[in-house]
Amino acid sequence: MTLVSLLDAELAFGDLPLLDGAGLAVAEGERIGLIGRNGTGKSSLLGVIAGRVALDGGELMRRDGLRVALVEQEPQLPPAAHLHDSLLLRGHIPSMHDERERWRIEARLAEFLHRFAADGTRPPASCSGGERKRAALALAFALEPDLLLLDEPTNHLDIDGIEQLEEMIAAEARGSRAAIVITHDRRFLDRVATRIVELDRGTLASYPGNFTRFEARKQTELQAEATARRRFDKFWAQEEVWIRKGIEARRTRNAGRVRRLEQLRNEREARRARIGTAKLALDAGRRSGKLVAELSAVSKSFGGRAIVRELDLTVQRGDRLALIGPNGAGKSTLLKLILGELAPDAGTVKLGTNLSVAYFDQLRSQLDEDKTVAETVCPGGDWIEVAGSRRHVMSYLGEYLFPPRRASAPVKTLSGGERNRLLLARLFALPANLLVLDEPTNDLDIESLELLESVLADYSGTLLLVSHDRAFLDAIATQSLVAEGDGLWREYAGGYSDWLLQRPPPKVAAPAPASTPAPSTARRSERAKLSFNEQRELASLPAELESLEAEQSALLARMSAADYHTAGAEQMRRDAGRTAEVEQLLEEKLARWMALEDKAKAAAQR
């Protein structure tokens with residue numbers, strides 16, 4: 001069944017529309033990954049679906065009695081003595097008439113606060129942005145909505161928290177609950193999304209499957225779009241030459257061709273170009289010594305708690321070292337120890353020669369809120385020296401997607417993604433052979449992330465990196481330093497996925513001594529092989545699954561088309577019903593296929 005439908009949606013803030021005749025249908029049980037460049041209107045779209053933002057035109061249709069929970073990028077909590085009480089007010093729980101339902105939600109809230117490691121006894125005014133986000137997530141899951149709307153939920157979560165959230169969203173959507181998630185975390189989208197919806201230049205395009213499947217299809221589409229535009233521009237140029245041939249041409253031209261040229265001109269003027277791509281570049285400056293930093297038996301504690309214990313570490317020129325660990329493990333503290341900004345309690349830290357450091361602070365404390373964008377990058381002038389060449393500040397900022405009108409805006413008016421891009425623009429303008437990035441991926445859109453990856457891959461200096469973005473870590477890190485508890489850190493080769501393969505297996509209790517199976521058990525074991533009918537069923541299931549997936553893709557593509565509302569209410573009901581049936585059949589047949597596969601493997605091993 002369809003939960004929400006957008007028909008010819010129009011919404012504009014400023015010069016360009018955020019939604020321009022956009023259409024979308026959300027079915028029960030779907031997990032939609034909503035992606036798009038920063039500033040395209042993704043958060044506004046969630047606000048529309050949640051009923052908090054009114055459309056300028058078009059129609060929003062919601063199922064009667066639909067329960068929606070929205071977790072904003074920066075959740076606001078009502079004032080209260082304790083975080084738990086503030087969440088109750090945010091969810092309007094005290095005003096519920098059903099006392100049993102109120103108690104049930106309060107119990108679930110306590111459960112999810114614990115699962116998100118949020119302290120319900122803390123005053124909300126003292127909570128950090130990450131604590132507010134985790135608390136708001138706990139409330140959203142406790143309310144058991146039909147549709148869960150999450151705006152950048154992975155920001156401020158560590159890797160363990162992100163993986164737990166993935167499992168929770170998947171578990172919620174196994175029934176009829178649906179979710180729409182805005183995130184730049186590509187690994188998250190691969191594990192969670194059943195459909196990717198891209199907001200681009202005011203329109204919504206739907207792609208069945210996860211982010212990896214989306215990337216493959218999108219690349220093909222972009223190549224086709226570029227080819228079509230080249231043909232259009234060539235044809236337009238030919239028509240312009242023809243219209244300017246002079247007196248002889250004006251005598252012979254026909255009115256139809258003139259009208260066609262006028263239409264081409266209008267189309268070219270109205271055509272909205274694809275949003276530009278940031279052009280990042282890094283100046284590694286002069287070459288550092290081969291040794292960048294050497295830590296010998298370094299220990300550091302705060303309040304009796306060991307952050308680092310007897311760490312031996314050597315960082316050499318060209319290393320890309322990733323620090324991996326849960327929130328509170330001491331990653332930022334360890335960075336300061338490596339850089340010599342913090343003295344160890346024990347052990348020694350030796351720094352190399354000719355080091356020039358650029359530091360990306362996750363708190364963005366290096367940004368002056370009252371300065372303009374241009375002043376932040378180029379104080380006291382209009383020209384900046386970048387990688388040995390002189391650049392005008394407006395041209396340089398344009399490469400980081402700041403148009404001239406935004407260059408004069410104060411820093412305090414920028415969004416999180418814009419602040420990150422500004423800080424990168426400032427840092428990358430400085431020659432640095434040691435680059436320190438502490439959570440650089442927060443608030444960056446996926447295209448900017450992938451571009452940052454490519455730039456860092458070509459960087460000839462040394463990189464120290466803290467990030468919870470697993471795909472980013474895999475693309476960048478040459479080695480990882482992982483927190484293993486109680487102040488112990490261990491070094492592994494490669495990025496996050498490499499660490500997963502190399503880490504020691506968790507300790508498990510020794511199994512109880514095996515006893516001789518009873519005769520009846522042995523006889524059952526002998527019979528535990530596939531029957532003839534089960535063999536036929538196992539052979540046919542892959543084709544059945546493939547057929548159902550193809551039907552599901554076709555249904556979702558049709559339901560997400562901009563003109564779907566013209567199909568009529570009866571057709572929309574049939575499509576929604578069949579979508580739910582196909583989803584259920586896929587789950588059942590996949591479970592059956594896995595069970596038969598396991599049974600066949602077990603029989604083959606006897």
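These legends walk through several close-up views of one predicted model.

Residues are numbered from 1 along each chain as its sequence is written, and side-chain values use heavy atoms, with hydrogens and water left out. Because this is a predicted model, local features need pLDDT of at least 70 and side-chain atom pairs count only at pLDDT 80 or more, while totals for chains, interfaces and linings use all residues.

**View 1. Helices H2 and H3 cross each other.** Helices (H or I, at least four residues) and strands (E, at least two) are DSSP runs, numbered from the N terminus. The axes of H2 (residues 83–90) and H3 (residues 99–115) come within 11 Å and cross at roughly 125°. Axes here are lines fitted to C-alpha atoms, for helices over the stretch in contact, and angles run from 0 to 180 degrees between N-to-C directions. H2 and H3 are therefore oblique to each other; angles under 35 degrees count as roughly parallel, over 145 as roughly antiparallel, 65 to 115 as roughly perpendicular and the rest as oblique. Look for His84, Leu87 and Leu88 of H2, which meet Glu106, Leu109 and Leu113 of H3, where contact means heavy atoms within 4.5 Å. Sorted by class, this contact has four nonpolar, one polar and one charged residues. Ala, Val, Leu, Ile, Met, Phe, Trp, Tyr, Cys and Pro count as nonpolar, Asp, Glu, Lys and Arg as charged, and the others, Gly among them, as polar.

**View 2. Three strands form an open antiparallel sheet.** The order is S2-S1-S4. Strands S2 (17–27) and S4 (57–62) are the edges, each pairing on one side only; two strands pair if DSSP finds at least two bridges between them. Neighbouring strands are turned by 10° against each other on average, direction ignored. S1 (residues 2–12) and S2 share eight antiparallel bridges, and Ser5 has Ala25 in S2 as its bridge partner. Helix H1 packs on this sheet, touching S1, S2 and S4, and its direction makes about 125° with that of S1.

**View 3. Helix H1 (residues 42–49) is mostly covered.** The buried residues are Lys42, Ser44, Leu45, Leu46, Gly47, Val48 and Ile49. After H1 comes Gly51, with a positive phi near 85°.

**View 4. Six strands form an open sheet with mixed pairing.** Read across, the order is S5-S6-S7-S3-S8-S9. S5 (68–71) and S9 (203–208) stand at the edges with a single partner strand each, so one side of each is left without a neighbour in the sheet. On average, neighbouring strands are turned by 15° against each other, direction ignored. Within the sheet, S3 (residues 31–35) and S7 (residues 178–182) run parallel, joined by four bridges; Arg31 has Ala179 in S7 as its bridge partner.

**View 5. Strand S12 (residues 320–324) is mostly covered and has two parallel partners.** Five of its five residues are buried. Arg320, Ala322 and Ile324 point one way, and Leu321 and Leu323 the other way. In a regular strand the side chains alternate between the two faces of the sheet. S12 pairs in the parallel sense with S18 (residues 462–466) over four bridges, with Arg320 opposite Leu463. Four bridges also join S12 to S19 (residues 479–483), again running parallel, and here Ala322 has Ser480 as its bridge partner.

Technical notes:
Buried means under 20% relative accessible area, exposed over 50%, partly exposed in between (1.4 Å probe, protein chains only).
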